[in-house]
Amino acid sequence: MNDYNNYMLECIELGKYALENGNPPVGSLLVFEDKIIGRGVESGKSSGDITQHAEILAVKDALANGYRDVLNQAILFSTHEPCIMCSYFIRHYQIKKIVFGTSVPLVGGQTSEFKILETETIPKWGKKPEIESGILQHECEMLNDQFQKYLATQNK
């Protein structure tokens, strides 16, 4: 669990960087055998590309670093529950475990009505990933609060 906190603290730092650039404060890491193999910083708003979510970028980074063959043994850490889009990506690559800080009930892949992370009815996806939530939840929610304040200043 202590290692989880360390990885989540790094995700939070990545989330702060995303926030500094006007994006939702999401940071993600992909870890295999206690080694970070991929990093992702949310950049959908700043890039104008909706697919630039932290979780997708962490997986793409791992792919670019040559770790395709171990994704099904890796753990994805994220400040936020992966959304529906990211959840599809995660299931496609059969990532073994997801660890996140705070839920995203309307569009989350586990807590919304679209439970992409939990379904086992799609044969190609195989077994659902193990999911652990609430890791440094308060700190992740504080990032959300900062983002809401940022949005409020942008809408004036």
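1. A residue is called buried when its relative accessible area is under 20%, exposed when that area is over 50%, and partly exposed in between. The model under review is a predicted one. By this criterion Phe 147 is buried, because its relative accessible area is 8%. Tyr 150, at a relative accessible area of 28%, is partly exposed.

2. Phe 147 and Tyr 150 are three residues apart in helix α5 (residues 137–154), and are therefore separated by about one helical turn. An α-helix has 3.6 residues a turn, so residues three or four places apart point the same way.

3. Tyr 4 belongs to helix α1 (residues 2–20) and Phe 77 to strand β3; at 73 residues apart, the two connect distant parts of the chain. Tyr 4 and Phe 77 are both buried. For Phe 147 and Tyr 150, the ring centres are 6.2 Å apart and the planes stand at 25°, so that pair is stacked. Ring pairs also join Tyr 4, Tyr 7 and Phe 77 into a cluster.

4. Which strands pair with β3, and in what sense? Strand β1 (residues 27–32) pairs with β3 in the antiparallel sense, over four bridges. Within this pairing, Ser 28 has Ser 78 of β3 as its bridge partner. β3 and β4 run parallel and are joined by five bridges. Here His 80 stands opposite Thr 102 in β4. The chain passes from β3 through α4 to β4, and this β-α-β crossover is right-handed.

5. The burial of β3 deserves a separate remark: six of its six residues are buried, and the strand is mostly covered.

6. Helix α4 (residues 84–92) should be read together with these strands. Its buried residues are Cys 86, Ser 87, Phe 89, Ile 90 and Arg 91. The buried residues of α4 pack against α3 (54–64), β3 (75–80) and β4 (97–102). Just after α4, Gln 94 adopts a positive phi of about 55°.

Conventions: Residues are numbered from 1 along each chain as its sequence is written. This is a predicted model: local features need pLDDT of at least 70, side-chain atom pairs count only at pLDDT 80 or more; totals for chains, interfaces and linings use all residues. Side-chain values use heavy atoms; hydrogens and water are left out. Buried means under 20% relative accessible area, exposed over 50%, partly exposed in between (1.4 Å probe, protein chains only). Contact means heavy atoms within 4.5 Å. Two strands pair if DSSP finds at least two bridges between them. A crossover is right-handed if, with the strands pointing away from the viewer, the path from the first strand over the helix to the second runs clockwise. Rings of Phe, Tyr and Trp (its six-membered ring) pair if their centres lie within 6.5 Å; planes under 30 degrees apart count as stacked, over 60 as edge-to-face and the rest as tilted.
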